[in-house]
Structures are given as structure tokens and as C-alpha cells.
Amino acid sequence: MSDTRHDPQQAARPVYRDPTAPVDTRVRDLLSRMTLREKAGQLNQRMYGWDAYRRTPDGEFELTEALYAETERFAGLGALYGLFRADAWSGVDHATGAGAAHGPALADLVQRHVVASSRLGIPALLVEEVPHGHMALDGTVLPVNLAVGATWDPELYERAAAHAAAELRARGGHVALVSALDIARDPRWGRTEECFAEDPYLAARLTEALVRGMQGEAGATRDGLFADDKAPVVLKHFAGQGATVGGRNSAESELGLRELHEIHLPAARAGVRAGAAAVMAAYNEVDGMPCSGNRALLHGLLRERWGFEGLVMADGLAVDRLARITGDAVSAGALALTAGVDLSLWDEGFTRLQEAVECGLVGEDVLDAAVARVLSLKFRLGLFDRPYTADRPAPAPSPGRGRALSTALARGAVTLLHDDGQVLPVRPEVARIAVLGPHADTTVHQLGDYTAPQRPGTGSSVLDGLRRLAPPGLAIRHARGCALTGDDLSGIPEAVAAASAADLAVLVLGGSSARTPDTDFAANGAARSAVSEMTCGEGVDLARLRLGRAQHALLDAVTATGTPTVVVLVQGRPHAVPEAADRAAALLTAWYPGPWGGDAIAEVLLGHAEPGGRLPVSVPRSVSQLPVHYNHKDTEYRGYVDESAEPLYSFGHGLTYTAFAYGPPRLAGQTVEVDITNTGRRRGRSVAQLYIRRLLTPVWPRVLELRAFLGVELAPGECRTVALPLGADQLAQVGAGLETAVLPGTLEIRVAESSRAALTAVALVLRADGQNFTAPAETPL
């Protein structure tokens, strides 16, 4: 090793510029050189990224005065949100924004200006929305989280998440904002589509897969450098936002601490354990304090108890809302910083942190700790050493692979809820199919919220998929019938005529999160008024879970023809449509399956693929039942006099084109084994679901708790022994002091194909004592 004391050039170089120095050392050196103004600037993410540039008539890009003013204000730029965001809110489309080919040049144009504006050459973090694929022009759109939850396939999702990260980095972005922590406890909430499940265990496993896929192995360590095709993840939203009162966006969450710890924190805990680089503080309050100002949550729990060393970002404009508590923006920023927020989003409060420090509202040491976390992430991304995309010549991922992964997720999410066994898969004798409904011939309504405009010809509708895959001689006729919303019934007669002349009707109904330019947007991008056919998404909450009036009229009219009807629901939440279950020969849900969801649905209908999905949420009979989820507290009650209290379809439910038989569970060391046999005539996939039912326990139990699952494919007649883990992670529960541990008690292990089936499945009884568990000599059933 050379002695740099005799190398004037090396000796003159600041330590933070030395790529061989440890990250912590580089951070400390840089921090020691920064002014208070520069430090405050690193914690601000003020601009909408699409306001930082404009496209010139010759197709080039130029920076705006708004960006110049922002970098001048803080002698640089900490982070820039949404440089590549394209949608109705930003107003960016293919004529005004940067596609895949021009994205890297735009990123470098911005970064060169930021570095030049900084006295110390500090680059900016380019923070992007990646809710289900990078929300940018030409980005691969994946099915929404609720569809991902329906696959019960973390390995597949991990591969898709890795692809999304590679696209983001190839474009020039750095940090991915991804919904993962919200638990779907009220389907009236418009952001239900962003949740993985109503269940904390399933959500936790998919959150782990997300972090592993996007960040990779190196990103899981504190000082690990991110690979050029990996992106640090900001997991949102922390915590309890999926349980807002009345399913209303940003409303209060009336959560007891036990409910918070048992249901709403496990996914976040799993993400932190997997090495997530950052979390986003949610809008809602917990025990009277909004999350962005909640020190007990962000510092006491997240940092001290969990040991989280990453970044905490506030949600858009959430810091300024704290002025309702503190009285003004300066003290609101100080409160958020003291609580544990490191990086703001569009707020005024953090722009005045220098003032807050100078007047004694917050110590400079607290400011330094937050700045250190921001700088650490920049060093781990290699931005000081290779700030521009040209410095990282990694090839862009294949669009074909992105399409294949998106379609595979969509295929795995198609869930068969009801089947009379007479029509699916489509029989060879069927010669005429009527493809009907407002979702039959559209792709825009398959995409979900937070989606960039698609180029013409991208994707496939259900009609497209059936026409492409149908065998020769199968005639397909189409009629829309009605719109997703409104009362116009004029198209129903044409649909009825088509159904009457067909051997089979495929009726595609549902909702939409597609935004349009005339939508009234709030300052944080949430929809304030639902226009056109938007019935779901951020800011679009429902008091009822019914489809539009015209859709119900179309359902009544088509099923009344007597033609066997398959109903397909394309939706971002579980709508209450008991009529479809009663009148249709088969009922499927595909959630929002992404651009190529039409192909996936057609494959399942025609029998080219099995319906592989399982419900990640319970499907209610009506809104009057809410809340309805499988893991409610184990209290005896009669239900309602005027309606069943049971969901129409339970969590974990999903039929196949074959059948499976489950043997009794048995203990084998740290696993539970069960024999599964395919008793049908087709190859198929079963998802073995291990549930715990606590019998004798120090704290009041839930009816069931999912604690392990595994998908298994079996040929007709094949029997396989499946081993499911049974250790501390499965047996642990939240104790009286809110600690998580294996508590003494007696419990049942049940393995079945759904939560409802688990209630009557053969049980294996265990006694737990600390970390140990044993089976009684005689195991009751």
C-alpha cells in the first residue's frame, strides 16, 4: 500500500472523495465541512420533478428556472421527487416527457447542474414512484399489489421487483418508493389496491421479497454498496394507514397498541430485517399523534427497539400538517426532525430547519444525524464516485422479460371464486362466445393507480386475449353493454342479443383507477373528485362496495338469457357482488392485472393455464358486514339477524380445475408435514396454508393466524409430502408488554387450502413453553 503522505495529490483530496474509505468515514468528513444551510438543504425534497425540466420543440431537454432557484436556495439539492413521473397529475406524456431512450440524458442533465451548484459537489437523490413497476414512460407495468398478494408467490414477485429496480437504475433514478406496509382492513379505502393482503404474515413475506429483489444482498447491510441494477427501497406507509376510520383516505386510525403490533407492524418489521434502506411515515395518526411527528413510533420503536439505521421520509406535505399541533411551520419541521423524519416531501417546514436550529427548537446534533443518513445512502449508491448514468454502463433490462414477468404475475393472480363445473375451462363443443361488459375490450382500466401513460398498442384486453388464443372455428362476438359508471342502459340490448346467440357469455365487469386530465387533484396528487370512470385509487374511497348501477343491470340482463355466463371482475378492491355468485356459472377475479392481464385471463378461461390465485382478502357479501376479515378476535357471537356475518369468500380461497386432498398434519422436528394428493384429472397448484389457533394463551387470541404457506404443483394422482416451517417465527405472539415471543400455552396447527377450510381441518395440538413446543401424548382432533 502506498504512503499518501508523500503524494501531494492524494493528500489534497478530501477523505469523502476517497472511494476506498469506509462509508461512515466519508460521511463524517463531508459533514464536518458543511454549513448549516447546506445541511438543511440535504433534508429537503421540495420540487415536483417534472417542474425541473421542459422539452424543447426539437425534442431536447432544458432545465427550468424553478430548478435553478431551488438549487440556489440550498447551495445544491438533497433529493428530487418524480423526475420521470408521468400521469394525469403531472401532465407528462410521451410528447412532453422522457421515454426510456432519453431518460438517462435527462437524469444526467439534472445531476450535472446539482453537482455544479454544490460547493462540495454533493449529488442529488432521484426519488421515483415504483408502486407496481417504475411509474415512467416505457416502464414495465406490473399487476397491483393486491394482485401480487393473490399469487401467494414471493419468489415470482422477487424476480419482478428486481426487474423494476433494474429499469429504474437504467433510466437514471436511484430510490424506489413502494407501497408495502398498508394492510387491507377496510375495502372501502381507495388505496386497497396498494395493499398485499388483509393478513400480516402474507404481507410480510411479500415485503421481504420486494426488498430482496430491489436491493439485492449487498443492499441488506449497513455499509453495503448497491449494485448498478439495484435500488434502495422506501417502504410505505408506516404505520396503520390501512385501518383508517370509514375507509377514508388520510383519516384517523383508531388502533389500540395490540392491534397495531399484531396486524400493522409485522410487514414493516420484516422489511427492516431484510435490510430496507428507508421507510415512509404515513399520513394517519397513531394514538393522537400523526406518524410524521410520532417520536414513540419513529424513534422509540423503529430505531431503538428494531435497530433501524436507515432513512425515514415523510409523506407528501405531512410535515406541514404538524403546524396544527405546533403552531407554525418552523416548529412543525423541528417536531418532525426530532421525531425521526430525515427527508421531507414538498414541505415548507423542513426548508426552515436552519432557523429551527438557530432559535433552539432542535439541536444541530439531531440535524447532523439526519443528514448523515441521507449522505450515507448517496455514498452507498456510489453517487459521489459515479454520479452520472454514463459512468454506470449497465445494459437496460429487456422489455420482453418485463412483459413476461408482468404476465406471469397476472396469470398467478387470477382467482376462481365459484365454478359449477360445467363451463370452465371452455369446452370443445362451445362454438360461439359473447365477450361482454365495460372491461372486455380495454386495457387502460386494467392498470391501477400510479401508472404512466402507455404507448398505443401496449397490452391486451380480455377480448384481445380470447381472439388470439381461441382455437380455429370458435366465433367471438363483442358488445360493451354499458360503462363502468353511470346509468346509461342503452347498450344492454346489444349485449343481450349477443349473449342469447352464444353458447357461452364472458361478462367482464369491475372498477377503474385510471386518472384523466380533468381530475381535480390535491397538492399531494390524490384525486379530490372522481371523474370519468375512476372508482378506485388514492382519494377515491367508496361508502358502498357495489359496482355501477348499469353494470348490475347488465349482469341481470345477461344471466337472464339462460346462456351460461362466466363473470370476470377486474378491480382494485373486493366489490360486493353476491348476484354474480348466485347467477353465474363461474366467477373469477383478476384484480388489476396490468397491461397484459387480458392474455392471462384468456389463458385461464381457455384452460391453457390453471387459475392459480388465492384470495389475499376476504370478499364481503355487503358493506354492512364490515369489518370482515378472517383473523378477527376469537369471540363467540351470533352474527346478524338480517344477514350472515361470514364473508362471501374467505381469505385464502381459490378453486382450481382439479381437486386436492390433504392428510392430517404431523410434527417433524422444526416442521409440520402434510401429504397432499391431486385427486383430479388435471395438473394443478395447491397452496398449503398453515394456520395457528390458540387455545390456552396469556393474551386474548384471534380465531386463526396464518403462519406459513407453500405452493405445490402436482400431476393427476400425484401425492407429495409438504414440509412447512414451525419455529419461533410461527409460534411467536405479541405479549402483554407488546414484546414478541413464544409464550406458554396450548395451540392447534391446521393445514388447509383456505382459512374457512382450516376451521374444520384435522388439528395437531401443541404445547408451547418458551422457545420449545411438544405434542401431547394423545392429540385430540
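Which residue forms a salt bridge with R185, and how many Å apart are the closest N and O atoms? I began my notes there. I kept in mind that this is a predicted model.

**Entry 1: E259 and R185.** I found that E259 is the partner of R185, with the closest N and O atoms 3.8 Å apart. I placed E259 in helix α9, residues 257-264, and R185 in the loop between β5 and α8, so the pair ties together parts that are 74 residues apart in sequence. I then looked up accessibility. R185 is buried, at 7% relative accessible area. E259 is partly exposed, at 23%.

**Entry 2: D556 and R583.** I turned to another pair. D556 forms a salt bridge with R583, and the closest N and O atoms are 2.1 Å apart. D556 sits in helix α20, residues 549-559, while R583 sits in helix α21, residues 578-583. The two are 27 residues apart. I noted D556 as partly exposed at 37% relative accessible area. R583 is also partly exposed, at 44%.

**Entry 3: E713 and R683.** I looked up one more pair. E713 forms a salt bridge with R683, with 3.4 Å between the closest N and O atoms. E713 lies in strand β23, residues 705-714, and R683 in the loop between β21 and β22, so this pair joins parts that are 30 residues apart in sequence. Both ends are partly exposed: E713 at 42% and R683 at 43%.

**Entry 4: the count.** I looked up the total last. The structure holds 43 salt bridges.

How values were computed: Residues numbered from 1 in each chain as written. Predicted model: local features only at pLDDT ≥ 70, side-chain atom pairs only at ≥ 80, totals over all residues. Heavy atoms only, no water. Salt bridge = Lys/Arg side-chain N within 4 Å of Asp/Glu carboxyl O. Helix = DSSP H or I, 4+ residues; strand = E, 2+ residues; numbered from the N terminus. Buried < 20%, exposed > 50% of the residue type's maximum accessible area, 1.4 Å probe, protein only.
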